[in-house]
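Dear colleague,

I am handing over the structure we spoke about, and the notes on what was found in it follow below. Please read them alongside the coordinates.

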Amino acid sequence: MVIYCRKNRFGRNRLGLVSSTKLGHAVVRNRVRRRFRELYRLHKPEMQPGYDVILVARGRAVRSTYQQLDETYLHLLRQAGLVPEETA
């Protein structure tokens with residue numbers, strides 16, 4: 001999974017999803033997109049508002065469990081500075 005983010009002027013977050021035909025048939029691509037939408041929905045309250053977020057699915061996303069995708073998504077959001085670091 002790759003994440004691209006850019007500040008927008010709307011004051012709210014927007015989501016874009018990209019899944020290439022290289023991932024597989026439509027059923028496989030749609031499953032990955034559904035999982036990405038759910039990740040975004042669950043973590044949206046934690047995110048800073050006012051960003052466009054684009055998630056690009058890679059081949060590993062098809063074979064990954066939901067838990068693995070969740071960990072990767074949070075890691076990428078932290079790297080991008082959209083979610084505060086966890087306090088230990």
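Helices (H or I, at least four residues) and strands (E, at least two) are DSSP runs, numbered from the N terminus. This is a predicted model, in which local features need pLDDT of at least 70 and side-chain atom pairs count only at pLDDT 80 or more, while totals for chains, interfaces and linings use all residues. Residues are numbered from 1 along each chain as its sequence is written, and side-chain values use heavy atoms, with hydrogens and water left out.

Ser 64 sits in the loop between helix H2 (59–63) and helix H3 (66–80). With a relative accessibility of 13%, Ser 64 counts as buried (under 20% relative accessible area, with exposed meaning over 50% and partly exposed in between, for a 1.4 Å probe and protein chains only). A polar atom of the Ser 64 side chain lies 2.7 Å from the backbone oxygen of Arg 60.

Turning to charged pairs, a salt bridge is taken as a side-chain nitrogen of Lys or Arg within 4 Å of a carboxyl oxygen of Asp or Glu, and by this rule the count comes to two. In one of them, Arg 14 pairs with Asp 52, and the closest N and O atoms are 2.8 Å apart. Since Arg 14 lies in strand E2 and Asp 52 in strand E3 (residues 51–56), this pair ties together parts that are 38 residues apart in sequence. Arg 14 is itself partly exposed, at a relative accessible area of 34%. A salt bridge is also formed by Arg 41 and Glu 38, whose closest N and O atoms are 2.6 Å apart. These residues, Arg 41 and Glu 38, are three residues apart in helix H1 (residues 26–43), and are therefore separated by about one helical turn. Glu 38 is partly exposed, at 28% relative accessibility.

As for charges and rings, a charge is said to sit over a ring if NZ of Lys or CZ of Arg is within 6 Å of the ring centre and within 35 degrees of the ring normal. Lys 7 lies over the face of Tyr 51, at 4.9 Å from the ring centre, and Arg 12 lies over the face of Phe 10, at 5.9 Å from the ring centre.

Val 18 belongs to strand E2 (residues 14–18) and is partly exposed, at 40% relative accessibility.

Arg 33, found in helix H1 and partly exposed at 22% relative accessible area, is 28 residues from Ala 61 in sequence and 9.9 Å from Ala 61 in space, C-alpha to C-alpha. Gln 68, in helix H3, is partly exposed at 41% relative accessible area, and its C-alpha atom is separated by 15 Å from that of Arg 37, 31 residues apart along the chain. Gly 81, in the segment after H3, is partly exposed at 36% relative accessible area, and 22 Å separates its C-alpha atom from that of Tyr 66, 15 residues apart along the chain.

Methods:
A polar contact is a pair of N or O atoms within 3.5 Å; within protein, one must be able to donate a hydrogen and the other to accept it, and residues adjacent in sequence count only if both atoms are side-chain atoms.
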